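User: I have not seen this structure before. Please take me through how its parts are arranged.

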Amino acid sequence: MSREPSQGFIHYRSLLSQYPSLHIHSPLSGIQHSPAKHSGSSFDQLDLKPLKLAATHKWLEANTSRCLCQYEIPGGGECRDLDCQAIHPSKLSAIEPSDKETAEYLCSAMPIGSQWTVEVVKTALEESRQRHPAFDFEHRVREAAASLGLR
Ligand SMILES: [Zn+2]
């Protein structure tokens, strides 16, 4: 990686750390005894399922005119007809939200989201797609986050 998109944020953080007294007077200081689980490892705990579910719902809403493939429901099999225009439950899990939707979700779900803009995250997702075309959705989101300095 030759680009450093998060350089401005590092500077921002170091500014804050010069003023430790800001934390002492924080109203949250009363819960110091609990381990700092809520900061730091937040990305690992991020649940991408609601985002994928929302994308699936949206897709289904846009395709209400189609019927379910009878080979899969009630057939219980997996349709192998490439020309079949019906809805295939076996393939619904492959529906992915757009990079913009993903970026908006990440920015709203992350406690440190205020340091990111949707545009920055969206660009990171697009770059990750180019670097790793074979990655699945979740893998790609995590790789993009890592490129932004998150884990
Ligand atoms: Zn089918």
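User: How are helix 6 and helix 7 oriented to each other?

Analyst: In this predicted model, the axes of helix 6 (residues 99-109) and helix 7 (residues 118-131) come within 8 Å and cross at roughly 125°. Angles from 65 to 115 degrees count as roughly perpendicular and those over 145 as roughly antiparallel. The two helices are therefore oblique to each other.

User: Which residue classes make up the contact of helix 6 with helix 7?

Analyst: Helix 6 brings Asp-99, Lys-100, Thr-102, Ala-103, Glu-104, Leu-106 and Cys-107, which meet Val-118, Val-121, Lys-122, Leu-125 and Glu-126 in helix 7. By class, these are six nonpolar, one polar and five charged residues.

User: What is the handedness of the crossing of helix 7 and helix 8?

Analyst: Helix 8 covers residues 137-147, and its axis and that of helix 7 come within 8 Å, crossing at roughly 115°. The crossing is right-handed.

User: Which residues of helix 8 make the contact with helix 7, and how do the residues of this contact divide by class?

Analyst: On the helix 7 side are Ala-124, Leu-125, Glu-127, Ser-128 and Arg-129. The contact divides into four nonpolar, two polar and four charged residues.

User: How many helices and strands does the chain have?

Analyst: Read along the sequence, the pattern is α-α-α-α-α-α-α-α. The count is eight helices and zero strands.

User: What percentage of the chain's residues is buried?

Analyst: A residue counts as buried if 20 or more other C-beta atoms lie within 10 Å of its own. Of the 151 residues in the chain, the buried ones make up 14%.

How values were computed:
Residues are numbered from 1 along each chain as its sequence is written. This is a predicted model: local features need pLDDT of at least 70, side-chain atom pairs count only at pLDDT 80 or more; totals for chains, interfaces and linings use all residues. Axes are lines fitted to C-alpha atoms, for helices over the stretch in contact, and angles run from 0 to 180 degrees between N-to-C directions. Helices (H or I, at least four residues) and strands (E, at least two) are DSSP runs, numbered from the N terminus. Angles under 35 degrees count as roughly parallel, over 145 as roughly antiparallel, 65 to 115 as roughly perpendicular and the rest as oblique. Two residues are in contact if their C-beta atoms, placed from the backbone, lie within 7 Å. Ala, Val, Leu, Ile, Met, Phe, Trp, Tyr, Cys and Pro count as nonpolar, Asp, Glu, Lys and Arg as charged, and the others, Gly among them, as polar. A residue is buried if 20 or more other C-beta atoms lie within 10 Å of its own, exposed if 12 or fewer, and partly exposed in between; C-beta atoms are placed from the backbone. A crossing is left-handed if the near helix is turned anticlockwise from the far one by less than a right angle, and right-handed if clockwise.
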